Amino acid sequence: MSRLRVAFIPSASTPNSYLGLVAKGLGGQANVLPNAKWFWPRRGDVLHVHWPEHHFVQRHPVTRIRAWLSLIRLKLLVGLVRLRGGALVWTAHNLAPHDQLIPPDLRRYRRFMDWFLPRVDMAIAMSSGQLPQLLKQFPAVPAERWRIAAHPTYEFPPPAPRQATRARFAVPANARLVVMVGLVRRYKGIPKAIAAFLNTAGPRDFLVIAGKCRRADLSEEIRQAIGGSKQLQFINTRLTDAEIGSLLNAADLALYNFTAILNSGSVMAALSARCRVLAPAYATF
């Protein structure tokens, strides 16, 4: 008998991404297929969906068209998999979309979820502590369909020497270094974190914000919040796994100021690198 085939939507982007780690964990038990190369399911195949809200957050006309076509394909795949005796699996990463949707897109997202959730054969939470919130937010998925699968640990290359990393970011060797590492998005509350840091920081305290910001208005807001302070840096670029691991290794604390969250890859990355974390008690692992 051939092994179970599992297709991820979206596809695993890198070996150390969340989906890459999950795919690696399934490697001995299933054939993991990239979403882009998978169309006609065999009997018993599994379609595993993550972040369906990504289809509704696009603003540029070209990416909106691509997202619309991808959504049509997803709905077709859901029907084909279930028709052929397969299973639709959904991992609940969020209670609601992180990025604010304009009213028409929010209505489209809600209509899609009303269609999608009753068809889910298995839903995955990352801890038992999340289940009460998830059951309340998504009552269309019966309690008996939920399972627990903990967020995997990230795997970073050996970090650069601590002082070498600090020197790269112009941080003094004896500084108390606080970092905010990961994609820069509005729900992470970075401007308010900057204001709190500036109000409380001593002369030895430094804050480095490192990660790609796709919103020009947010990046400008962050720069204005920093002002002329020499104790803050904003590194607006996508970091490699090696850079993330080295920066977390050089830090004394990873700071996250989420406005609302269920799971956080940024927090898990910091914990995976054995860096202490300060964050609101929204996420439950």
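**Salt bridges, pair by pair**

Guide: Arginine 176 forms a salt bridge with aspartate 205, and their closest N and O atoms are 2.7 Å apart; a salt bridge here is a side-chain nitrogen of Lys or Arg within 4 Å of a carboxyl oxygen of Asp or Glu. Because arginine 176 lies in strand E7 (residues 176-181) and aspartate 205 in strand E8 (residues 205-210), the pair ties together parts that are 29 residues apart in sequence. Helices (H or I, at least four residues) and strands (E, at least two) are DSSP runs, numbered from the N terminus. Arginine 176 is partly exposed, with a relative accessible area of 40%, whereas aspartate 205 is buried at 11%; buried means under 20% relative accessible area, exposed over 50%, and partly exposed in between, using a 1.4 Å probe and protein chains only.

Before going on, please keep in mind that this is a predicted model, in which local features need pLDDT of at least 70 and side-chain atom pairs count only at pLDDT 80 or more, while totals for chains, interfaces and linings use all residues. Residues are numbered from 1 along each chain as its sequence is written, and side-chain values use heavy atoms, with hydrogens and water left out.

A second pair is aspartate 217 with arginine 186, where the closest N and O atoms are 3.7 Å apart. This pair also links distant parts of the chain, since aspartate 217 is in helix H7 (residues 216-226) and arginine 186 is in the loop between E7 and helix H6 (190-200), 31 residues apart. Aspartate 217 is partly exposed, with a relative accessible area of 39%, and arginine 186 is partly exposed as well, at 40%. These two residues belong to a network of salt bridges that links Arg186, Arg215, Asp217 and Glu221.

The closest N and O atoms of aspartate 105 and arginine 108 are 3.3 Å apart, and the two form a salt bridge. Aspartate 105 counts as buried, at 2% relative accessibility, while arginine 108 is partly exposed, with a relative accessible area of 24%.

As a general point, side chains of opposite charge can pair when their charged atoms come close. A search of the whole structure finds 13 salt bridges, and the pairs described here are among them.
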